[in-house]
Amino acid sequence: MILLFLLAYALIGWKFGNWKDFYHYYPTLLFFIIGDLLSQFLLYDYSMWEFHPVTAFGNFLHLNHTLVSLSKMMIQYTVTISIFIGRLPSSHLGKIGWIFLWTSIYGLSEGISYFFGMMTYHHGWGLSWDILFNLMMFTVLIVHHKNPIFGWVISFPIIIFLLLYFDVPYSALK
């Protein structure tokens, strides 16, 4: 089922992605991927969520959390940036609507993943935190696209807040 999500993202990206300007927002894609890689690394022994195969085919392919996460970074995040930043509205109201639309898309896919057991939550994280995180994430992606240094600067207090709020033990960090 995870593979169906990734295939759907690939097809949607092929149809709606703004690929002609891809190099213009490639740095924001790298920022997006680095953020997820950092969380995967820092929280390796204290995951807030974990991906699981739920079909015989997924089990046959030996899909695990790491393979699913890397596949999402490669396919879903690339498509997301090509559409989200590639088709970013110019007005402030349009940007707010765009953020809410993409937060809803991610929330729906994460909700479905949780419902079918493709994803489990841990250590106090849940779908409501996913939605709040996605609101912040899509906002920061726009900020990074417009001003990369400021995008990095505002990310650090967010990371510190999440580490403190979820009481991530120092011993869990590598």
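The model is predicted: local features need pLDDT of at least 70, side-chain atom pairs count only at pLDDT 80 or more, and totals for chains, interfaces and linings use all residues. Residues are numbered from 1 along each chain as its sequence is written, and side-chain values use heavy atoms, with hydrogens and water left out. The protein contains seven helices and two strands, taken as DSSP runs numbered from the N terminus (helices H or I, at least four residues; strands E, at least two).

**Overall fold**
- Along the sequence, the elements follow the order α-α-β-α-α-α-β-α-α.
- The radius of gyration is 16 Å, which agrees with the value near 16 Å for a compact globule of 174 residues; the radius is taken over C-alpha atoms, and the globule rule is 2.2 Å times the number of residues to the power 0.38.
- The C-alpha trace spans about 40 × 35 × 25 Å along its principal axes.
- Of the contacts with a separation of 6 or more, 77% join residues 24 or more positions apart (contact: heavy atoms within 4.5 Å).

**Burial and surface**
- Buried residues account for 41% of the 174 residues (relative accessible area under 20% is buried, over 50% exposed, in between partly exposed; 1.4 Å probe, protein chains only).
- The protein exposes about 10100 Å², of which carbon and sulfur atoms supply 73%; areas come from the Shrake-Rupley method, and for residues only the protein chains shown count as cover.

**Nonpolar patch**
- Met 1, Leu 4, Leu 7, Leu 11, Val 54, Phe 115 and Phe 116 make a nonpolar surface patch of about 710 Å².
- Patch residues have over 30% relative accessible area and no salt bridge, with nonpolar side chains (Val, Leu, Ile, Met, Phe, Trp, Tyr) joined within 5 Å and like charges within 9 Å; a salt bridge is a side-chain nitrogen of Lys or Arg within 4 Å of a carboxyl oxygen of Asp or Glu.
- Helix α1 (residues 2–16) gives the largest share, three residues.
- Phe 115 belongs to helix α5 (residues 92–115) and is exposed because its relative accessibility is 66%.

**Aromatic cluster**
- Ring pairs connect Trp 49, Trp 125, Trp 129, Phe 133, Phe 161, Tyr 165 and Phe 166 into a cluster.
- Rings of Phe, Tyr and Trp (its six-membered ring) pair if their centres lie within 6.5 Å; the count is 25 aromatic pairs.

**Positive phi angles**
- Most residues other than glycine have a negative phi.
- His 123 has a positive phi near 60°; His 123 sits in the loop between β2 (119–121) and α6 (127–146) and is partly exposed at 39%.
- Asp 167 has a positive phi near 50°; Asp 167 lies in the segment after α7 (148–165) and is exposed, with a relative accessible area of 60%.

Technical notes: Areas by Shrake-Rupley, 256 points an atom, 1.4 Å probe, with all protein chains shown as cover. Phe/Tyr/Trp six-rings, centres within 6.5 Å; stacked < 30°, edge-to-face > 60°.
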